[in-house]
Amino acid sequence: TARPMHRRASLLLLPLAVACGQTADSPSARGSAEFWIKSSVPATGSTTRATFSLEARFLRPGATSCATTTIGACTVNPCFTPASTRIESDVANAGQITVVTSTVTDAIQPQSDGTYATGTFDGVPWMTGNVSITLAWARFPGTTQAAGSLAVETPAYVTLSAGSPFAGPTSPVARTSDLTFSWTSDTPPASADNVSVYFVSGSTQVGCNFDASAGAGVVPAAALRSLGAGVGSFDVHSKRFTQENIAGPDGTTWAFGFNVDALARASYGLASGNVAFR
């Protein structure tokens, strides 16, 4: 099944997908909750300069979401916008969001407008794949009741192979040719592990998800042509994802998604940053 897309070049698409400008009708409307934890470990087996970030977003039932297009292993979102552009009536919050692993416990709090700023922390939440992470919320979104949690295991760390795009210092990306990525894994990837490649240019996001055990994946030129020319961003990471539909005390059903990502390693550090599309 298609994975949600990652924001920033780490922002994920919402599980609720309706045409732009439309809303889903109650009572079938679902609120959308998304969590992201992203680990940045520049050197294999080392905690030096390691950090991780925690993000959360809650959109009320009926909040608009963009229609997307699938091209090969990629999903194109033509109206991608940062969470900071959401208005208060679109968002809910669930109080404190806490992430717990065997090595870290950290949390983020909602801001006054109900949105969550990204929390970035020193340290590393996992060093190998298949480590359990639990993410908990203080209350069901928009209510004072029913705290809950989700758990998922971590993906293996990957390193881009020599000759792969972004394995070395970045150069402009030609949108007229396919991009073939290849990678190796620190530990054998599980069947649930993906390697994900994300691009953002203007208001368009292209996200591609490949089976990590395949060792390679192709981003079609047809997907790249969806991106506008100019400076944008890229992000390559391994991923695990889980989702649950949870009924709230007010009878609404929310789709809770939990994304666990590890930035891919490259010769210059981590495979994330700015890139020119031409």
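Over which residues does pLDDT stay under 50?

1. That stretch is residues 1–28, for which the model still has 105 contacts beyond four places in sequence. Here pLDDT is the predictor's confidence in each residue, from 0 to 100, and a contact means heavy atoms within 4.5 Å.

2. Ground rules: this is a predicted model, where local features need pLDDT of at least 70, side-chain atom pairs count only at pLDDT 80 or more, and totals for chains, interfaces and linings use all residues. Residues are numbered from 1 along each chain as its sequence is written, and side-chain values use heavy atoms, with hydrogens and water left out.

3. On confidence overall, the chain averages a pLDDT of 84, and 86% of the residues score at least 70. Among the elements, E9 has the lowest mean (90), while strand E14 (residues 216–219) has the highest (97).

4. The chain has one helix and 19 strands. Both are DSSP runs numbered from the N terminus: helices are H or I with at least four residues, strands are E with at least two. Of the contacts with a separation of 6 or more, 70% come from residues 24 or more positions apart.

5. Of the 278 residues, 52% count as buried, i.e. under 20% relative accessible area with a 1.4 Å probe, protein chains only.

6. Now the cores, meaning sets of buried Ala, Val, Leu, Ile, Met, Phe, Trp, Tyr and Cys residues joined through side-chain atoms within 4.5 Å. The largest has 32 residues, and Phe35, Phe58, Ile97, Trp137, Phe256 and Phe258 have the most contacts inside it. Strands supplying at least two residues each include E1 (30–40), E2 (51–59) and E16 (253–263). E16 gives the most, with five residues. Apart from this core lies another, of 27 residues, with Val76, Val173, Val236 and Phe277 among them.

7. Phe258 is worth a click. Leaving aside neighbours within four places in sequence, Phe258 touches Phe35, Ile37, Ile133, Leu135, Leu150, Ala151, Val152, Arg240, Phe241 and Thr242.

8. There's an open sheet of four strands, in the order E6-E5-E8-E9, with antiparallel pairing; two strands pair if DSSP finds at least two bridges between them. E6 (105–108) and E9 are at the edges with a single partner strand each, so one side of each has no neighbour in the sheet. Neighbouring strands are turned by 20° against each other on average, direction ignored, using axes fitted to C-alpha atoms and angles from 0 to 180 degrees between N-to-C directions.

9. Inside that sheet, antiparallel E5 and E8 are joined by four bridges. Thr98 has Ala136 in E8 as its bridge partner.

Note on methods:
Buried means under 20% relative accessible area, exposed over 50%, partly exposed in between (1.4 Å probe, protein chains only).
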